[in-house]
Amino acid sequence: MEFFVQQLVNGLTLGSVYALIALGYSMVYGILKLLNFAHGEVYMVGAFIGYGVLTMAGGAADPVLPAAVLVPLMFLAAMIGSGLLGVAIERFAYRPLRDAPRIAPLISAVGVSFFLQAAALLLFTARIRNYDTPELIPFSVGVEVGPLRISLVRILVIVTAVVLMVALTLLVSRTRLGKAMRATAYDREAAAMMGIDTDRVIAATFFIGSVLAGAAGVMIGLVFSRVFHFMGFLAGLKGFTAAVVGGIGNIPGAMVGGLLIGLAEAYAAAYLSSRFSELVVFTILIGVMLVRPSGLFGTPALQKV
Amino acid sequence: MMTTPRNVRGRFFVLVLAVLALAAAGCGGEDDATTGDTGAATATTDAATTAAETPETPTEPTAGAEETTTGPTTEAEDTGDGQAAPADCDGLLVGIAGPFTGDAASIGQEQLNWARFALERFNADNGTNFALVEADTQLDPAQATTVAQQFVSNGDILAVVGPAGSQEAEAVGPIFEPDNLAYIGMSATRTSLTGGDYPTFFRVVPNDDAQGPTDATYMVDELGAQNVFIIDDQTSYSTGLADIVQPLLEEAGVTVTRDSVPQDQTDFSALVSRISDDTDIVFLPWQLAASAQLFSQQMEEQGKTATIFGSDGLFSPDDFSAEGAYVSSFAPDITALPEQAELVEAYTEQYGEFGTFGPPTYAATQVALTAVLAACEAGDVSREAVLEQVGDVTITDSILGAPLTFDANGDVEGAQFYIFRIEGGEYVLVE
Amino acid sequence: MLLALKDVNTYYGQIHILQGVSLDVAEGELVCLLGGNASGKSTTLKTILGLVAPRSGSVVFDGEDVTRASTSRRIERGMAIVPENRRLFSPMTVTENLEMGAYRRSGDLRAAFERVYDLFPLLADRRSQLAGTMSGGEQQMVAVGRALMSEPRLLLMDEPSMGLAPILVERSFEIIQAVHEAGVAVLVVEQNANMALSVADRGYVLQTGRIALTDRADALRENDDLRKAYLGR
Amino acid sequence: MTKIGTDEWVAQVGERTEAYRGLTAPVRRTWDGIPLGWRFAAAMLLVALLPVATDSSYVVRVGVNAFLFGLLALGLNVVVGYAGLLDLGYIAFYGFGAYTYALLSSDQIGVHLPAELTLIVVVALTAGLGYVLGLPSRRLLGDYLAIVTLFFGQVFVQLAIHLDRLSLPWADGPVNVTGGPNGIVGIDPIRLVGVTFSSVTDYFYLLLVAFVALAVGLHRLTASRTGRAWRALREDPLAAEQMGLPVNRLKLLAFAVGGAVAGFAGAVFAAVQVGVFPQNFETLLLIMIYAAVILGGAGSLPGVAIGAAVIAVFPEVLRTPDYARLIFYGVVLGGLVALLRPWSRLAAVLAGTVVLGFVVRFATAAAWPDAAAVAPGGLVARALGAWVATPPNATTVGNVAFVLLVPAVLAVTRLRGPARTWALPTVLYLAAFVWETRLVAEPSVTRQLVLGAILVVMMTARPQGLLGTPRVEML
């Protein structure tokens, strides 16, 4: 039983990160019907910004700021930085392709992705950077329930993710911007006819999605340390999978999908073998798609490519 | 928009002007150089002079390769302490192939930097102006074979360092062999690479057959292992080593559990939780030290007490520092050797920290350059000659510790493995 | 003039759609724009609204040259549209749809909501229903209500009769007249020439991207060519 | 005045479409006048001369890669360009073909079938696999199909990695099917009717013939009833269905044809590489094939051929730092010439850049006399060496300059009028500076950077691809 619960915690940690990445994919897809393959790189940049702040503050072993200040600062910087990057990508790589055939922005996205990876390689070299979190927030600090140990970092990550997701849900359902996002996602031209500046709404969508990716980047850095130029690729693929399982374009779907993928990976590795954990994930996905062709929460697909 | 002919003419005029301006800038540079050469010339103009004096682009344009040298290289011609090399050694090239971008770039970039470093020092010591041709393979054999063809087609490339992966080394073999182009592996350890199938292949690192038994014996005899968890990282290197260690342990009566995890895995915590309480050793034949570091952190997080035993891929004091872990290595810790201190310091100052993949690349580059120099000093600048020279190369004070020579198969003579224990972040030699 | 198009030329890609279209709408006037399929009616509306940019010519609204202005700027200045097929935001509630109509307006929307609910009392009862679940006639009310939320001076109506039962078409034009009587200028784009001309002050006939005819509505109703083409008489 | 009520819109389409204008118009009109078949034949003849013209096996090998790309792109074009099905698992057919050929022609399972038979088996199996993978396309629409097929491709790579220790009930001990991460090596060369293909040049001609045959075949297929039906399917699947087209059969046929082509290409690839490895079939390659199809213009055969050539050749050219440098300055200069109007402004910008360069160069040279040099490499580099400033700590300064350069370039594309003219010299000089201090030193990384940037620029400049026709949505 403890083993099962331990895996639940492991799965939720990973799942919350996937969910945050998946949200960016899903929101952008919802509003532009675009698979933003550069999203993983935005997350990578977020992780590097967090690392940069940590290094500037003297590193994890000997920070000039207390962890309680430093960690939020890392999150803030990474979220803003990633958000701005997302807006810039939209402005220069996707907006000129607004009315182009659907697959053209896909190639543009891949171009952005190559560029950002290479830029990170150029600027930060290929060395795998380490947040060294245990120095900052020791793993021994945390909750112990019987034999179960949940470190503070994991709690921090899960709670942050939940807070961000609740904030996003409120934003989308309650605020004027959120409603404009939904209106634009449903019918961009009609939204424009209402005087909604759809370009700005789309930019805002990219900003919010990228902010979440930036937060996910710092989270990965905190719990799973390694930060390097290529980290966005796999995480992007997982986030994308999560978005699809949930029903791409659907915000609660992305959250559920992310958690589901995280849990599936953890339980597959724990009960079967980590050898096949990726295969298990892909099989789940294909299974879900064959049974529910639009994902768990999705709406039927567009017909045209 | 209509373009009027007059407009076009103006445009053309501007273009001609621009080209002229650039050309003038080039001449200006040369003038600078000739006047300033007598006294304390700036390095910039110095290099420009050398560039102007050396016949440019020794390669055929179709060969599609261009050398990249660095400033100090060219300066060495008059100031280097070594004697000047024979004239026909001018502009000879050595290829280096590795995963300089892509997901394995952390390995490839370290290899590349050490190769550049080796080239600089070799040129400075021997008064040569050899150069490297760098080619990125992204660890994809398809790219490696294209790159191999590039090397083969460039007549000035006399030896190759790399490629990095065993599967790449296998793929390029049939391309290098007919041209007698020697290639020296710095990280390909698959046993079957040496021993006949790839006659032009050499490697400065011992193969899996050398490391596997050492590790297995140490685990059984010295650490008294009863229950070992082997986790490979789904690479050619890792599965090969694991496949050798596993039966050896089993023969010694050790209970072995085997699992495998993708090299780019984000999280190991579920895997870590499967380490049973009676497991005394976790054997990680991995190549990414940073991943092993996370693995050890997650073991600590979950209160697992088994000992990590890493292969040579984890020998990386800057990245892997799990207290009490063991790491095997084919070389002594060069950062601890007084005779290599100067080298390590010079490298670190120029390129920063490094792990396990650099020093063998340094050695491999040294071997290639030494063989090329020996061949051209002997007056035979051909690939056959270089291939023979590589077999005969002896590097007495190799960065890898012992003198470096090859046996008939192309493997390192007398390969020996060392075992280190990590104590307080230090790698302490225990065998 | 409230709205004036002068010699507007609009292209889609390399295809010349509007070829020198000029038309105007005076303050408080009800004008209809007639034309068959692919005659450029919708493009004209989109050009007025700024959803497509003309390659040459000008659009002047309320004394300001808005040819290069954004759609949102034009809506702030007092345009509003009831799009063809209504184009409601189906997964959103009636209230949310109405809110979107007032997107450019800041401040208290209560008065605007009251006015729309006065005009369409049914909507007040259905305010939290999803727009997509309503009947065609109800949706038409939401669409008009949504446009009126911005308190426009010029209401653009794109094919208000399309897809509605005959009884609802009449109802639809009653609404248009009511809006018109409240002092709002209306430009109706219609294929149903008979219905449109019966309420309009003036009319334009668009033919393959050109204005082929323009006159007072009653005069147009007597025009032989037009009668043959559109009125079936 | 035209008669009211008669709809002559269609009759006027020709009139309404703009004709070619400008200086290139006569050339373009003449080019359009040459029949497509002649153009294709001329191009292929030229290409066929390549191995004769060069003695570099590298160039021929790049040609082989280009043809492999070409075949893959043609096959993918059937699925994506004709039938409009977004198949992101396409790479799996390539891998499946390669592995099948490898298994049937190596010591892996000790089978060495004649190539004639193996190729037929490969094509049949991959066509069958295409059919099976196409089955979900009956239910899954649009992007959801794309996603399922994408993961099919992932599953293939996973299987290739993991099927090296397969436990089978009738075998004792694990069975090694795919060789795992080590792949399968020592694959037999292709041997057709007694002719053994041993050198890259042999494979070059084999692929040339295959490519020509396939291109001609597909061209005829496009004009056939099936081709028209596919296009109808792409433009409007619902309408196609209502018109009684056998939609499901058409989809499956497209998948099978695409799969068979990729399978054949995979078999040849396995023979050329003499080995197959899981890394050969990763997502990156899929992306490049898509890039080839889309860059050329989806649906257009000559476009796809050109796209494949660009995607195969361009990254290879970028491998050589000197060529990369020429491309860089060439593209910058070409872009300026094409975009800056009037020419007096162009002249001002170029002159300003040159002057600014010298000022900065001499200022820094005076401040840091012992700075490092620009890497040598011919006339251009010498000219640049005298012009580009060389700070002492080139790596750090270069990195900072790079970080400044990217937003600066993006900002310049937004600026209009005199502001742009004023900003350009600084940005241009900054670009040259970054190139010479940082990018020249890291050719492999630069290659990726340039590749990414070019993809974005090409797509934004010509979304429909080089030879695609812009599709205008009628409103």
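C:Glu76 is partly exposed, with a relative accessible area of 43%. The model described here is predicted. The side chain of C:Glu76 meets that of C:Arg73 in a salt bridge, with N and O 3.9 Å apart. That separation still counts, because the cut-off for a salt bridge is 4 Å between a side-chain nitrogen of Lys or Arg and a carboxyl oxygen of Asp or Glu. C:Arg73 is also classed as partly exposed, at 34% relative accessibility. Both residues belong to helix H2 of chain C, which covers residues 71–77. They are 3 residues apart there, about one turn of the helix. The pair is part of one network, in which salt bridges with shared partners join C:Glu27, C:Asp62, C:Glu64, C:Arg73, C:Glu76, C:Arg77, C:Arg104 and C:Arg153.

C:Arg202 is in strand E9 (residues 202–207) of chain C and C:Glu29 in the loop between E2 and E3, so the pair ties together parts 173 residues apart in sequence. C:Arg202 is at 14% relative accessibility and so counts as buried. C:Glu29 is buried too, its relative accessible area being 12%.

| Residue | Partner | N to O distance |
|---|---|---|
| C:Arg73 | C:Glu76 | 3.9 Å |
| A:Glu189 | C:Arg87 | 3.0 Å |

Over all chains, the structure holds 41 salt bridges.

**The contact between chains A and C**

Chain A contributes 18 residues to its contact with chain C, and chain C contributes 21 residues. The buried area between them is about 1,900 Å², with 62% of it given by carbon and sulfur atoms. There are 5 salt bridges between chain A and chain C. In one of the salt bridges between these chains, A:Glu189 pairs with C:Arg87, and the closest N and O atoms are 3.0 Å apart.

On the side of chain A that touches chain C, the elements that give two or more residues are helix H7 (176–186) and helix H8 (188–193). H7 gives the most, with 6 residues. By residue class, this side of chain A divides into 10 nonpolar, 2 polar and 6 charged residues.

**Other chain pairs**

Among the 5 pairs of chains in contact, chains B and D share the most contacts. Chains B and C, by contrast, are joined by no contact, and their closest C-alpha atoms lie 12 Å apart.

**A:Thr241**

A:Thr241 is found in helix H10 of chain A, residues 231–246. At 0% relative accessibility, A:Thr241 counts as buried. A polar atom of the A:Thr241 side chain lies 2.5 Å from the backbone oxygen of A:Leu237. With neighbours within four places in sequence left aside, A:Thr241 is in contact with A:Ile261, A:Val281, A:Leu285 and D:Phe151. One of these contacts, D:Phe151, is a residue of chain D.

**Chain D**

Chain D has 475 residues, of which 52% are buried. Its secondary structure comes to 20 helices and 6 strands. The C-alpha trace of chain D spans about 80 × 80 × 45 Å along its principal axes. The domain assignment gives domain 1 (1–33), domain 2 (46–317) and domain 3 (322–441). The C-alpha centres of domain 1 and domain 2 of chain D are 40 Å apart. Of the contacts in chain D with a separation of 6 or more, 73% are between residues 24 or more positions apart.

Notes
Residues numbered from 1 in each chain as written. Chains lettered and ligands numbered in written order. Predicted model: local features only at pLDDT ≥ 70, side-chain atom pairs only at ≥ 80, totals over all residues. Heavy atoms only, no water. Contact = heavy atoms within 4.5 Å. Buried area = accessible area lost by both parts, 1.4 Å probe. Helix = DSSP H or I, 4+ residues; strand = E, 2+ residues; numbered from the N terminus. Nonpolar A, V, L, I, M, F, W, Y, C, P; charged D, E, K, R; others polar. Domains from an automatic or database assignment. Buried < 20%, exposed > 50% of the residue type's maximum accessible area, 1.4 Å probe, protein only. Polar contact = N/O pair within 3.5 Å; in protein donor to acceptor, adjacent residues only side chain to side chain.
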